[in-house]
Structure formats: C-alpha cells, structure tokens
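Hi everyone, thanks for making the time. I'd like to walk you through one structure today, so please have a look at it while I talk.

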Amino acid sequence: MKLINYRNKWLLALCAFLIFPMGQTTHAATVQNNFYNVVMQDGADPWVYKHTDGFYYFTKTTGGNVTIWKSAQLTTIDAAPTTVVNTGCCGIWAPELHYINGAWYIYYAKDDGDNVNHRMYVMENTSADPTQGTWQYKGQITDSTNKWAIDGTVLQVNGQLYFIWSGWEGDTNVRQNLYIAHMSNPWTIDSNRVEIARPTYAWETNHSPNVNEGPQVIVRNGVISLVYSASGSWTNDYCLGLITANASSNLLNPASWNKHSQPIFQSGNGLYGPGHHSFTKSPDGTEDWIIYHTAKFNNSGWNREIRLQKFAWNADNTPNLGTPVNPNAPIALPSGEKSIVRYEGEEGTFGGIAYASQSPSGSGGMKAGHIDTADSYVEFNVSAAAAGQYILLARTANGTAGGNWSNLLLSVNGGTASPFYITNKGWENWGLSTARVQLKAGVNKIRFSKGEGYGELDFFDIKPAN
C-alpha cells in the first residue's frame with residue numbers, strides 16, 4: 001500500500017511538471033486556488049441550481065428567451081455551453097429552473113410588450129438533463145386574481161409545494177408586494193394568494209414605486225429564510241432583506257412570517273446595489289454560496305454584472321451574508337473546484353506599443369495595456385499536458401470613451417483571431433472575459449491584440465473544460 005501511495009505521489013508530481021514546465025519555453029505561471037468574484041461580466045437576476053448529476057444549471061434575464069448554461073464548476077459558468085428555450089414575446093424576466101418530482105420546470109415572467117401585462121408562466125421537461133429533450137408549455141401559473149406578477153419561485157417543504165412571487169395589489173404600479181399560494185402540482189396554484197410582505201421600512205420605500213421582489217427561500221433546521229430584494233433595482237440602494245417562518249407553521253397565514261427591520265446585504269466595498277440572488281452549494285457540497293448581481297459601477301442603473309461569494313450562518317439558522325466582498329481581493333475557489341493556472345499580464349511578451357504598466361488594483365500591482373495600435377499585442381507561451389478544450393478566464397478592463405463594449409482579438413497558435421469581449425466599466429474596474437480555447441499538448445501561443453475600442457489585461461487563468 002505504501003508503494004502505491006508513493007507511486008501515486010510521484011505520478012502527481014510528474015503531471016504537475018508536464019503541465020507547468022520550468023524553463024524558457026513557457027511564460028511564468030502559478031497554480032492558484034482563488035478567483036476574483038465576478039463570474040459573468042454582464043447580466044442580472046442570476047439563478048443557479050446544483051443538480052444530483054454534479055452539474056450547475058444557470059439562467060438569468062436575457063429578455064427574449066430562457067437560456068440555460070450547463071457547467072461543472074461555479075466559477076466557469078460564463079464559458080459553459082448554452083441551450084436556448086423559446087418562450088415567445090416579450091419581456092422575459094428572472095427565469096428559474098427547478099427540479100420537482102422527477103421533472104424540470106422553468107418559471108418565468110412574460111408580457112405582450114406592455115409591462116402592465118406581466119404574468120408568470122411555466123414550462124416542463126421530463127428529460128434527465130434540462131438541456132436535452134423537449135420543453136412543454138404548461139401555461140400561465142396564477143391565483144384567481146390574475147394580477148401583475150414577476151419573480152416566481154417554488155418552496156418545497158414538508159411534502160408541500162408553495163409558489164412565492166412579487167406582484168401588484170391592484171392594477172397599477174404603486175408597489176410590489178410578496179405573495180404566497182399553495183400548489184397542487186408544479187404548474188397549478190390551488191389556493192388564494194396571501195400577502196406576506198410589502199415595502200414598509202425606509203430602506204424599502206426610498207424610491208417609487210416601492211419594491212419587494214426577487215424572493216428566494218433557503219431552509220435550515222426548520223427555519224425558512226425568505227431573502228428578497230428591496231428598493232429600486234435601478235439604484236445603488238437595491239439590497240436584500242429577510243423574512244422568516246417556521247417550517248411547521250401555517251405558511252398561508254401572514255402572521256407566520258416575520259420581516260426583519262434591517263437589510264442583510266447591501267452596497268459595500270465599492271460595489272453597489274447587490275440583489276436578486278440565488279443560493280447554491282460548492283461542488284463538494286460543504287459550502288454555501290450566494291450568486292447575485294450588482295451595478296457595474298456607481299449609479300450604473302440596470303447595467304449589471306453577476307458575482308459569487310461564500311456565506312455563513314447565524315445562530316438562529318438564518319443566512320449571514322456579510323457584505324459584497326472586496327472586488328480587488330481574491331477569494332478561495334468553491335470547495336471541490338480544481339486549481340487554475342494563472343498567467344500575469346505584465347509577464348507576457350509585448351509587441352508594437354503595448355507594454356506593462358502599474359495597476360493600483362491589479363493582482364500583482366501591474367497590468368498589460370496600451371494595446372492601442374494594429375501591430376500591438378501581448379503574447380504568452382502556455383503549456384498544456386494534453387490536447388483538448390480549455391477555459392480561459394481573464395481579468396479585464398475597458399474604459400473606452402463613449403461607454404461601449406470593446407474587444408481584444410484572441411488567437412491561439414497563430415489561428416484565426418476571435419473577438420474577446422470586454423464590458424465597459426472604466427479603467428481599473430476589473431471584470432471577467434471568458435473563452436473556450438483548443439490547446440495542443442505542449443507549448444501553445446496565446447495572443448491578445450488590438451480589436452475594437454481598447455482593453456487591458458490584469459491576468460488570465462487556464463483550466464481544462466472537462
């Protein structure tokens with residue numbers, strides 16, 4: 001047994017040497033177990049579901065359909081393969097993907113082009129994999145009032161199903177309340193709607209209309225925590241509040257729900273308007289994580305990005321979300337995710353007028369920039385132990401005048417260059433650009449050259465796609 005263990009350790013060491021060879025053939029690379037918590041440089045209303053097959057199924061507001069990303073890891077969702085589910089027109093908001101009683105269900109808000117007509121709808125797929133098979137339209141899901149409704153989610157507790165959503169009390173946009181109703185099956189409400197929360201505190205009513213929306217539920221030791229978004233989603237004041245109930249109580253009785261007087265997650269560390277989240281587990285199931293959107297920059301309104309961080313628990317079994325983590329400080333990868341290989345931008349080979357310069361918020365205090373002319377580039381020799389598809393995740397910035405997206409041109413081994421898109425957040429306000437690249441065994445040349453607009457590179461990470 002000892003000989004086998006020694007042999008395994010030697011093989012691991014050899015593999016590490018093959019993947020990260022020393023010498024002049026490759027640029028300096030380091031093995032890292034951290035990331036900077038942007039996981040998608042554009043998007044809002046993130047929902048992620050960790051299934052028993054080990055995959056994460058992710059969706060977000062795309063506006064015209066429901067798109068599903070399928071990823072084996074949380075931090076690589078942006079580069080995951082996608083499947084589009086057609087929903088028809090219009091205003092498709094905040095879809096969620098649930099697995100209930102052996103089938104998949106998508107819940108989403110839709111209208112006919114007029115926001116006044118937003119209602120909740122549901123589709124079903126009985127395939128084992130929601131990116132396969134056929135999605136069947138099950139129709140509108142509503143209570144008897146049939147009022148404006150968005151942000152529907154499902155609570156499964158004690159063998160019962162409940163639908164929770166954000167809606168109007170009447171037919172005009174005065175405020176958004178939270179409602180609950182019982183479900184007889186995953187596409188049918190069979191009780192009256194019951195109001196369990198409305199905006200009342202100053203931090204919920206500081207913009208008009210007043211908003212309680214984006215309800216998400218997580219249950220721990222018999223305590224239901226309903227974490228919701230409050231205030232104006234278009235403002236820096238957007239935040240998360242908490243309502244609790246005992247799982248054994250009558251959940252259709254408003255008195256069973258207790259709203260906390262202070263937000264539990266709000267702007268901080270230079271990040272603004274965190275909200276409309278979902279909860280999930282690390283790949284090995286030992287950690288709890290929240291995925292949420294924030295404004296891309298101060299007062300950016302509905303121009304948002306998606307972030308991810310670990311959270312803890314309070315003694316009363318409610319989530320302790322803390323504050324949005326410092327965007328310029330690395331955090332540990334979710335437990336069970338494999339290490340990445342990092343190449344610092346300033347350590348590449350530069351051409352044209354491109355060069356390395358100081359970066360106050362860069363990972364090593366330096367960055368690759370000034371890729372400003374057609375002949376400018378930064379290039380890296382990257383080693384791969386085996387041929388195959390890899391995920392490239394780059395910490396990038398774009399402050400091009402006018403606020404438009406930019407791109408660098410990404411090429412591998414002298415092949416056709418493809419646009420590598422960078423959202424516009426301002427210089428030194430780093431985001432995440434991703435790509436799936438095909439590498440050969442041995443040394444590969446990865447080049448970033450001038451594209452549309454301007455972009456800078458702090459570093460990029462490489463990890464196998466499978």
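Predicted model: local features only at pLDDT ≥ 70, side-chain atom pairs only at ≥ 80, totals over all residues.

Let's begin with strand 36. Is strand 36 buried or exposed? Eight of its nine residues are buried, so strand 36 is largely enclosed by the rest of the structure. Strand 31, residues 388–397, runs antiparallel to strand 36, and eight bridges join the two. If you want a landmark there, find Ile-391, which stands opposite Lys-463 in strand 36. Strand 26 pairs with strand 36 as well, again in the antiparallel sense, over four bridges. There, Val-341 has Ile-462 as its bridge partner in strand 36.

Arg-342 and Asp-461 form a salt bridge, at 2.7 Å from N to O. Arg-342 belongs to strand 26 (residues 340–344) and Asp-461 to strand 36 (residues 456–464), so the pair ties together parts that are 119 residues apart in sequence. Both Arg-342 and Asp-461 are buried.

That brings me to salt bridges in general. How many salt bridges does the count come to? The count is 19. One of them joins Lys-296 to Asp-42, with the closest N and O atoms 2.7 Å apart. Those two residues are 254 residues apart: Lys-296 is in the loop between strand 22 (288–295) and strand 23 (304–313), and Asp-42 is in the loop between strand 3 (38–40) and strand 4 (47–50). With a relative accessible area of 3%, Lys-296 is buried, because the cut-off for buried is under 20%. Asp-42, at 31%, counts as partly exposed.

Now compare that with Glu-124 and Lys-138. In this salt bridge the closest N and O atoms are 3.9 Å apart, and the cut-off is within 4 Å. Glu-124 is in strand 10 (residues 119–125) and Lys-138 in strand 11 (residues 136–140), 14 residues apart. Glu-124 is buried, with a relative accessible area of 12%, while Lys-138 is partly exposed at 24%.

The lining comprises 20 residues, and Trp-47, Tyr-49, Val-217, Ile-218 and Phe-279 lie nearest the centre. By class, the lining has twelve nonpolar, five polar and three charged residues. Where does the lining come from? At least two residues each are supplied by strand 4, strand 8 (93–100), strand 12 (149–157), strand 17 (210–220), strand 21 (272–281) and strand 23.

Methods. Residues numbered from 1 in each chain as written. Heavy atoms only, no water. Salt bridge = Lys/Arg side-chain N within 4 Å of Asp/Glu carboxyl O. Buried < 20%, exposed > 50% of the residue type's maximum accessible area, 1.4 Å probe, protein only. 1 Å grid on protein atoms, 1.4 Å probe; cavity = no way out; pocket = protein on both sides within 12 Å on 5 of 7 lines; lining within 4 Å. Nonpolar A, V, L, I, M, F, W, Y, C, P; charged D, E, K, R; others polar. Pairing = 2+ DSSP bridges.
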